Amino acid sequence: MKSIGIILAGGNNNRIGRLSDKRAIAALPVAGSYRAIDFTLSNMSNSRVSKVAVLPQFNARSLNEHLSSSKWWDFGRKQGGLYVFTPTVTKNNNSWYQGTADALYQNIDFLKKSHEPYVIIATGDGVYKMDYGKVLEAHIAKNADITVVYTTLKDTDDDLTRFGVLKLDENERIVEFEEKPLVASSNNVSIGVYVIRRRHLIEILERCAREDRHDFVQDVLVRYRNVRKIYGYKLDTYWRNIATVDSYFKTNMDFLKKDVRDYFFKQYPDVYSKVDDLPPAKYNTGAEVKNSIISSGCIVNGKVENSIIFKDVYIGNNCTIKNSIILNDVYIGDDSYIEKCIVESRDTLRPGTNYVGTDDEVKIVIEKNVRYIL
């Protein structure tokens, strides 16, 4: 059964701190060579969803640049394709997206002009693999009005109170839905993926607009849970949300585990991303690398251990990088020591720099020294 995809990539979360000052959360680098949105886009492509709209808002420039060519995810086609709909001033509207439901409503013409009977809505800040076609099959089999994909987390996996928490009956119908509760009453959390019939979605969005309601979770899922047939669909495989500094750090560090790397990068289906024309990483005399991911374009002269080094990074002589994430295009001067840190992209660290995070908190390093005078 054909469907269209909509990726909500407009969220701005203070919990991710300064990492979202220059980019949307969906554009955050993950696993050395990817962006967070690559996982959702790849899921859409691998699920044979041929028409996908991305709805960005805050700090959208980096995300727009990443999506400038749709061919990487196989959306370069005559029928369907990849669309990017940023907030637009029109005769009838001059506001930004005021919430997820409002973002969908402001692009309701896209829904009305499509002919596919179903819509798959997904957020752009999750790292996971999923066949949305199986969710759609379950949705049709149960004659559901809305299907919500959820997973079960341990208390130690993440802060459950930052998600939508679900309770389900024996038939997987959702009987309770709490959005970001003060105390989580269940370990079942929504991963932000929904399936709904297109005409049904249009009807709900128009009603929300008339009633000045803007949030899809609060004003649709929570409000309609006892009125509409809203079912859950469980995802049993790896899933992480990266919308906090701690979860972003842990998600990247998970890729240092062989089973996680193999699951995403060696098992079908593949994860796709925009490819840069960079040379392979270069290891000079004195380089020592243990259990790390070193991306293309990097030059390593020092010691790297349990770390992820993104593209185009220079690591100077006698440097030590431990348990850290170094984002794209960073220059680290000689004799520097970095441990349990996230170094922001395009930073220049002077020789002899020393940054160490704590057991309880990852340190975000942002330095804007002038590189050419070093």
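**Exercise 1.** In what order do the 5 strands of the open sheet stand, and with which pairing?

*Solution.* The model is predicted, so local features need pLDDT of at least 70 and side-chain atom pairs count only at pLDDT 80 or more, while totals for chains, interfaces and linings use all residues. Residues are numbered from 1 along each chain as its sequence is written, and side-chain values use heavy atoms, with hydrogens and water left out.

Step 1. Two strands pair if DSSP finds at least two bridges between them.

Step 2. Read the order, which is 16-19-22-25-28, with parallel pairing.

Step 3. Look at the edges: strand 16 (293–294) and strand 28 (363–365) each have a single partner strand, so one side of each is left without a neighbour in the sheet.

Step 4. Take one pair from inside the order. Strand 19 (residues 308–309) and strand 22 (residues 325–326) are joined by 2 bridges in the parallel sense. In this pair, isoleucine 309 stands opposite isoleucine 326.

**Exercise 2.** State which helix lies across strand 19, strand 22, strand 25 and strand 28, and give its angle to strand 25.

*Solution.* Step 1. The helix is helix 8 (residues 245–254). Contact here means heavy atoms within 4.5 Å.

Step 1. Helix 8 runs at about 90° to strand 25 (341–343). Axes are lines fitted to C-alpha atoms, for helices over the stretch in contact, and angles run from 0 to 180 degrees between N-to-C directions.

**Exercise 3.** Describe the backbone at proline 269, glutamate 172 and asparagine 306.

*Solution.* Step 1. The peptide bond from tyrosine 268 to proline 269 is cis, with omega near 0°. Proline 269 sits in the loop between helix 9 (258–265) and strand 14 (282–283).

Step 1. Glutamate 172 is not a glycine, yet its phi is positive, about 70°. Its loop joins strand 9 (164–168) and strand 10 (174–179).

Step 2. Asparagine 306 has a positive phi near 50° and belongs to the loop between strand 18 (303–305) and strand 19.

Step 3. Glutamate 172 is partly exposed, with a relative accessible area of 24%, and asparagine 306 is partly exposed at 23%. Buried means under 20% relative accessible area, exposed over 50%, and partly exposed in between (1.4 Å probe, protein chains only).

Methods. Helix = DSSP H or I, 4+ residues; strand = E, 2+ residues; numbered from the N terminus.
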